[in-house]
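This briefing goes through selected features of one protein model.

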Amino acid sequence: RHNVLSRLASQPVPDIKPEMRPGFVDIITVGCRNLRASGLASVERPFLEFVVPQPDEDEAKDKTRVSKKPEPENPNFLCRNLIPVNLPLLPVFAPTLRISAFDKSLGGLRTNQLGVAFVDLSAFISEPGAPEEEDVRDDSDDENTYNSYNSDTDADSVSTKHTEDEDDKERDFTDLSDTDFVTEDKEEAEMASFRKHQSVVPKLDPRVPANKVKMYMGDPDTGITRPHEIGSLENNHDLESFKSYEFLQGQGDGLGKRRVVGKWKGYVRVVYDEDAEPFLSLEKINNPETFQIRLYVLNASKLCCDGDMDPEPYIKASLGDQVHKGDWGGVGCTGPSPNLNQYFEFQTSLPGRSSLKVDVFDHNENLLMQDELIGSTIIDLEDRWFSEPWQKMGQDYRSFMKQTALAMKPVEKRNLRSTHSLIPQGALHLWVDIVPTTDLKKYPPHDISLPPPEDWVIRVIIWKTINIQPNEGEDMIDMYV
């Protein structure tokens, strides 16, 4: 045993340090969303710090400038940070990028940490010998994709190229603008194409006048109807325009519960060439535009409620400090599946404040008790506007209407979530339009309100009854209606 130990002691200790190579962590920051400070304090002048741990040396760091535009809780940074680092050849040894959100207050004399987000860099390092992944985002076009879909170009210039299999899978409309038809045949062929690719058509409320149905749900006479999707658009389509990571605060080890205090939006990748082209051209997002957000809520379905009473739901929609409360009650507007038909509008700039929150409350007639929150759903407007799939939705209808109408975005069924349960608390059927403020007069909002209630007389005439059996132990029936 002594000899074995002597031999082991005389042998050199193997080097277990991973083999490294110089590289860069390429970070493009769009901004932070829904930042929150501790307690009653408010966010004043936020900035970000990026830290990458390094072996046997100091950490590699970089930070952004202070930004409070368009507002401190939703600041845009719109910058690129290229951090030189030493990275392992094997992704299993990759470090973790730490993104810390700080806030300067008291004129810059005090700096508080708001939260920390973590990005595992192993997903961006390839195994030795493996082909490098190509950027999935194509920035070859000089013009913004989202601008090209909303410009006043000729109707025949808007087209979507895809194969027949993709056409059946995506259920998009077919562009027949370049087909050589005679005028009448061309119109008939276009209408046949619209009918062929219809999605599930929602059941319309019979009380809505026919002319109003044509305005906002399409035109049943021609077969053009607003598509209806089972589930949210995020679940059915890839609408993630930017990667997002949540800022966390708290230990999470029993000393304090971790809570989400905001999120970071942008792109992270690993490159080995300092002159590598940016993954995303900042010119496309560097000039925020002002938009009007139009939220159309048609109805709710299968709302959960406590007790035996039917809920009296109403909507509260909010975008930052803009809060709108809908009406409650009315004929057909109560119960687990009410007709709501309510419209809300907001003003915002994108990139910028973009989390549209829709809450459904159950009205409580007892003034001493608060209304109960049934569930909520959150729509990321930023991801939609900068998403090419979302921009393409309904563009063929816009082309068919010769640019006189907005793209017909589909009605989506969004589940309502609650912190008190893991299962959905019901669903809302709605759609969202994002309209540049320069086009507000050109495209007025739809009127989806229900007509006022009318008084009716219901007459029931009973002529006779047959085969009514008496109760057990009785010979006669003392019957009344």
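Is Cys-79 buried or exposed? In this predicted model, Cys-79 has a relative accessible area of 13%. The cut-off for buried is under 20%, so Cys-79 counts as buried.

**Cysteines**
- The count of disulfides comes to 0.
- Cys-79 is accordingly in no disulfide, and the nearest cysteine sulfur, that of Cys-32, is 9.6 Å away. A disulfide would need the two sulfur atoms within 2.5 Å.
- Cys-304 is partly exposed, at a relative accessible area of 33%.

**Second largest pocket**
- The volume of the second largest pocket is about 860 Å³.
- Its lining is made up of 32 residues, and those nearest the centre of the pocket are Arg-33, Asn-34, Lys-263, Ser-355 and Ile-378.
- Two or more lining residues come from each of strand 10 (243–249), strand 11 (259–271), strand 16 (355–362) and strand 17 (372–380). Strand 11 gives the most, with 4 residues.
- Sorted by class, the lining holds 15 charged, 9 polar and 8 nonpolar residues.
- Domain 1 (18–128 + 240–287) and domain 2 (291–445) each supply at least three residues to the lining of this pocket.

- Asn-34 sits in the loop between strand 1 (20–33) and strand 2 (45–52).
- The phi of Asn-34 is near 60°, a positive value in a residue other than glycine.
- With a relative accessible area of 36%, Asn-34 is partly exposed.

**Leu-78**
- Leu-78 also has a positive phi, near 50°, and is a residue other than glycine.
- Leu-78 belongs to strand 4 and is buried, with a relative accessible area of 13%.

- An open sheet of 5 strands has the order 9-18-19-12-15, with mixed pairing.
- Strand 9 (228–229) and strand 15 (339–350) are at the edges; each has a single partner strand, so one side of each lacks a neighbour in the sheet.
- Strand 12 (residues 289–301) and strand 19 (residues 427–436) run antiparallel and are joined by 10 bridges. Ile-293 has Ile-434 in strand 19 as its bridge partner.

**Cis peptide bonds**
- Lys-69 and Pro-70 are joined by a cis peptide bond, with omega about 0°. Pro-70 lies in the loop between strand 3 (60–63) and strand 4 (76–88).
- A cis peptide bond also links Leu-350 to Pro-351, where omega is about 0°. Pro-351 is in the loop between strand 15 and strand 16.

Methods. Residues numbered from 1 in each chain as written. Predicted model: local features only at pLDDT ≥ 70, side-chain atom pairs only at ≥ 80, totals over all residues. Heavy atoms only, no water. 1 Å grid on protein atoms, 1.4 Å probe; cavity = no way out; pocket = protein on both sides within 12 Å on 5 of 7 lines; lining within 4 Å. Points joined across faces, edges and corners; volume = space filled by probe spheres on them. Nonpolar A, V, L, I, M, F, W, Y, C, P; charged D, E, K, R; others polar. Domains from an automatic or database assignment. Pairing = 2+ DSSP bridges. Buried < 20%, exposed > 50% of the residue type's maximum accessible area, 1.4 Å probe, protein only.
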